Amino acid sequence: MNNILLKVENSYLKQSFSKGKMIGVPSLSTSPLENKTCQALSKIESNICNSCFSIRSLKFYGDNFKEFLKNNGDILSKPLTNDQIKAIKVHSIYFRFESHGDLLNYDHLDNLVKIAKNNKGTKFALWTKKINLAEFYFSCIKKPKNLQLVYSSVKYNKSLDINKYKHPDKIFTVYDKKYIKNNSTKINCGSRSCFDCALCYNKNKIKYINEIKK
């Protein structure tokens, strides 16, 4: 399957096809190395971002992949035209927004929402820690029915309260083994493939997604 979604001047917007639990779920991501929020959160030891898998793994990827993610960010952080949005065709049942970085600005989120609206046959999910941005945006723009908005907790073992926000569909939190044992925390993420599970991509009664720290 072609990973190029759109050509913009001399650059390309590309999707990723991951291995492991993400097999069957393509993603459109930007780089945490180019995201000021990701970089700031990663410097705080108590934050989950301090041990960010993506930041660590990108050190071992070649320059081509780093440039790939940077180009995606450069393209998505500026308004795309209606014709450009219509040209972006996704051919999968499920699709993830941001498996590496996070939202860069309002235009980035707006472009993702328009991509989801233009691909109604696909179920999308967006993970973000840019909660203020998402809350503001979706107070102005109606969220597509085929997009699940997932707010990610910044701290280990400390879930966000979904009732404090207006727009998320789910809250994602990572717990360590000691906390899980002492608090009988139910883990509902990580035992199956994302495609087979699809808990994050479908509308359902599950509002809290809990993963064990790897």
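The model is predicted, with pLDDT of at least 70 needed for local features and 80 or more for side-chain atom pairs, while totals for chains, interfaces and linings use all residues. I number residues from 1 along each chain as its sequence is written, and side-chain values use heavy atoms, without hydrogens and water.

Ser29 sits in the loop between strand E3 (27–28) and helix H1 (36–42); helices (H or I, at least four residues) and strands (E, at least two) are DSSP runs numbered from the N terminus. I noted a polar atom of the Ser29 side chain 2.8 Å from the backbone nitrogen of Ser99. Beyond neighbours within four places in sequence, I list Leu69, Asn72, Glu98, Ser99 and His100 as contacts of Ser29 (heavy atoms within 4.5 Å).

Next I checked helix H5 (residues 106–117) against helix H6 (residues 131–140): their axes come within 10 Å and cross at roughly 55°. Axes are lines fitted to C-alpha atoms, for helices over the stretch in contact, and angles run from 0 to 180 degrees between N-to-C directions.

From H5, Tyr106, Leu109, Asp110 and Val113 meet Leu133, Ala134, Phe136, Tyr137 and Phe138 of H6. In H6 I list Ile131, Leu133, Ala134, Glu135, Tyr137 and Phe138 as buried. The cover over these buried residues of H6 includes H5 and strand E6 (147–152).

Key
Buried < 20%, exposed > 50% of the residue type's maximum accessible area, 1.4 Å probe, protein only. Polar contact = N/O pair within 3.5 Å; in protein donor to acceptor, adjacent residues only side chain to side chain.
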